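Please keep the viewer open while you read.

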Amino acid sequence: MERTTTLKPLLLLDLDGVLRAYEPTPPKIAEVAFAPSLLHRAVTGQITDEQWHDEIARTVPRHEVDSWAVVGSVMPEALALVRAARRQCFVALLSNATTRLESDLELLGLDVEFDAVFNSARLGVAKPDPAIYRRVLDELGCETGVFCDDSAENAAAACEAGLDGVHVPDTAALRTALAVRGLIPATVLLILPDRDEAEGLAEELLAGGWGPCAVHRDMLAGEDDAEDVDWVVELTTAPDGTPASAHRGELDDLAERHDGFTGEG
């Protein structure tokens, strides 16, 4: 995997809690697996993932450990944000993980979604140690970048290392973080089936401080029938001055109330 940002802005993303979801770890396993000393050895590569599980199985029945060892699931909306950001950013993963990370990414189909992957178990240092962020910046030849993590501690440590560290506890926060930094497109399209509704809604939104609220006629490709026309309300700026894309959830709900949907500008 080529590790060069060329002239693109750098976006670093955490994995778990940002792009990958897990079922809660059973308390009996969590008490052992996430004990600071054992976890640190696992995520800094002092022991392999298999050895980590062996250590856990000294206390927890082996069948319970094996049934817990799942890869989790991808958060679809977060992945869509990664893909949108990647059009204009160099997007890299920075995860506190065991030696199993690379195989998990492949199983999840995420191995092709990043321009570079940094695994703490391969680097020998883990978040929130500022050294891991400096190591990544050095390897990529960057002075700074944006880093998003669901851990406030990790985000704060990234700031100490010279990154724009952002705490993103959920996908809505990730969207806002990327939108206000110009890392995803600002424009949201409200796509409605009825012209009068689209024009009426555009007037309401304009009066409420949204802009530009332009209405476009959008005929489906290859269709000549007027019934196959959608009407698009273009929004770029919200009333608070932030990009419309930072308010995608609110606009999704608005479009749905008018029997429509949203799209990217």
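In strand E4, Phe90, Ala92 and Leu94 point one way while Val91, Leu93 and Ser95 point the other way, and all are buried. Buried here means under 20% relative accessible area, against over 50% for exposed and in between for partly exposed (1.4 Å probe, protein chains only). In a regular strand, side chains alternate between the two faces of the sheet.

This is a predicted model, in which local features need pLDDT of at least 70 and side-chain atom pairs count only at pLDDT 80 or more, while totals for chains, interfaces and linings use all residues. Residues are numbered from 1 along each chain as its sequence is written, and side-chain values use heavy atoms, leaving out hydrogens and water.

**Strand E4 and its partners**
- E4 is mostly covered, with 6 of its 6 residues buried; helices (H or I, at least four residues) and strands (E, at least two) are DSSP runs numbered from the N terminus.
- E1 and E4 run parallel and are joined by 4 bridges; two strands pair if DSSP finds at least two bridges between them.
- Opposite Val91 in E4 stands Leu11.
- E4 also pairs in the parallel sense with strand E5 (residues 116-119), over 4 bridges, and Phe118 in E5 is the bridge partner of Leu94.
- Together E4, helix H6 (residues 101-108) and E5 make a right-handed β-α-β unit: with the strands pointing away from the viewer, the path from the first strand over the helix to the second runs clockwise.

**Helix H5**
- Helix H5 (residues 76-86) has Ala78, Leu79, Leu81, Val82, Ala84 and Ala85 as its buried residues.
- These buried residues pack against strands E1 (10-13), E3 (73-74), E4 (90-95) and E11 (261-264), and against helix H10 (171-180); contact means heavy atoms within 4.5 Å.

**Asp49**
- Asp49 belongs to helix H3 (residues 49-56).
- Asp49 is buried yet has no salt bridge, and the nearest side chain of opposite charge, Arg100, is 4.2 Å away.
- A salt bridge needs a side-chain nitrogen of Lys or Arg within 4 Å of a carboxyl oxygen of Asp or Glu.
- Leaving aside residues up to four places away in sequence, Asp49 touches Thr98, Thr99 and Arg100.

**Cys142**
- Cys142 sits in the loop between helix H8 (130-140) and strand E6 (146-149).
- Cys142 counts as buried because its relative accessible area is 15%.

How values were computed: Lys, Arg positive; Asp, Glu negative; His and termini not counted.
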